[in-house]
Amino acid sequence: MDQVHVKVQEAVDKHMDELDKACIRKMQVKMFKCSAVCCENHDLSMHQVQECVNRCNAPVMKADQHLQSEMQSFQNRLQRCALDCRDNSQDNLGANPSEKERQQASLALDKCALKCVDTHLAMLPNVFKRIKESINNSV
């Protein structure tokens, strides 16, 4: 199952990298430039500079929160699918399963879990498309 985790992580990392290059970095550049302008304004008090910097950071923070929410939802859905596989595997075993029945249940569980992963990995492009659209609409 470690290979499955690696497969999911690599797919998520690939999409995260694309999102970073397409959206996040541009937002961060704007944030840092905006924050620099705040800090360079010597007419502002320390409190006003902090408020200004906070306003500059707000779009990036909002995008990060949305990204975290979407990724948590994705992870929860994948986990629920895997739990359903485990429950179905356990439900199909009798009270005193033989070694062969346990092996068959284990194979069925692995097959089901891999199907969950494949199904959810196929969803990732749409998840990240939705995140990207949300970020682009909020900028």
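## Helix packing and nonpolar cores

H1 and H3 pack with their axes 10 Å apart, at an angle of about 10°. That angle makes H1 roughly parallel to H3. The model described here is a predicted one.

On the H1 side, the residues that meet H3 are Val4, Lys7, Val8, Ala11, Val12, His15, Met16, Leu19, Ala22, Cys23, Ile24 and Met27. Their partners in H3 are Leu114, Val117, Asp118, Leu121, Leu124, Pro125, Phe128, Ile131, Lys132, Ile135 and Asn136.

Helix H1 (residues 2–40) also packs against helix H2 (residues 46–91): the axes come within 8 Å and cross at roughly 170°. H1 and H2 are therefore roughly antiparallel to each other. H1 contributes Val8, Val12, Met16, Leu19, Met27, Gln28, Met31, Cys34, Ser35, Cys38 and Cys39 to this contact. From H2 come Val49, Cys52, Val53, Cys56, Asn57, Pro59, Val60, Ala63, Leu67, Met71, Phe74 and Leu78.

The table gives the residue classes for each contact.

| Contact | Nonpolar | Polar | Charged |
|---|---|---|---|
| H1 with H2 | 20 residues | three residues | no residues |

In soluble globular proteins, nonpolar side chains tend to be buried together. Here the largest nonpolar core has 24 residues, and those touching the most other members are Val8, Leu19, Leu124, Phe128, Ile131 and Ile135. At least two residues of this core are supplied by each of H1, H2 and helix H3 (99–138). H1 gives the largest share, nine residues. Apart from this core lies another, of five residues, including Cys38, Val49, Cys52 and Val53.

Ile131, one of the residues with the most contacts in the largest core, touches Leu19, His66, Leu67 and Glu70 when residues up to four places away in sequence are not counted. Ile131 and Leu19 are also both listed in the contact of H1 with H3.

### Cys39

Cys39 is in helix H1 and is among the residues that make the contact with H2. Leaving out residues up to four places away in sequence, Cys39 touches Val49 and Val53, and Val49 and Val53 are members of the five-residue core. From C-alpha to C-alpha, Cys39 and Ala122 are 45 Å apart in space, and they are 83 residues apart in sequence.

Conventions: Residues numbered from 1 in each chain as written. Predicted model: local features only at pLDDT ≥ 70, side-chain atom pairs only at ≥ 80, totals over all residues. Heavy atoms only, no water. Axes fitted to C-alpha atoms, helices over the stretch in contact; angles between N-to-C directions. Helix = DSSP H or I, 4+ residues; strand = E, 2+ residues; numbered from the N terminus. Parallel < 35°, antiparallel > 145°, perpendicular 65-115°, else oblique. Contact = heavy atoms within 4.5 Å. Nonpolar A, V, L, I, M, F, W, Y, C, P; charged D, E, K, R; others polar. Core = buried A, V, L, I, M, F, W, Y, C linked by side-chain atoms within 4.5 Å. Buried < 20%, exposed > 50% of the residue type's maximum accessible area, 1.4 Å probe, protein only.
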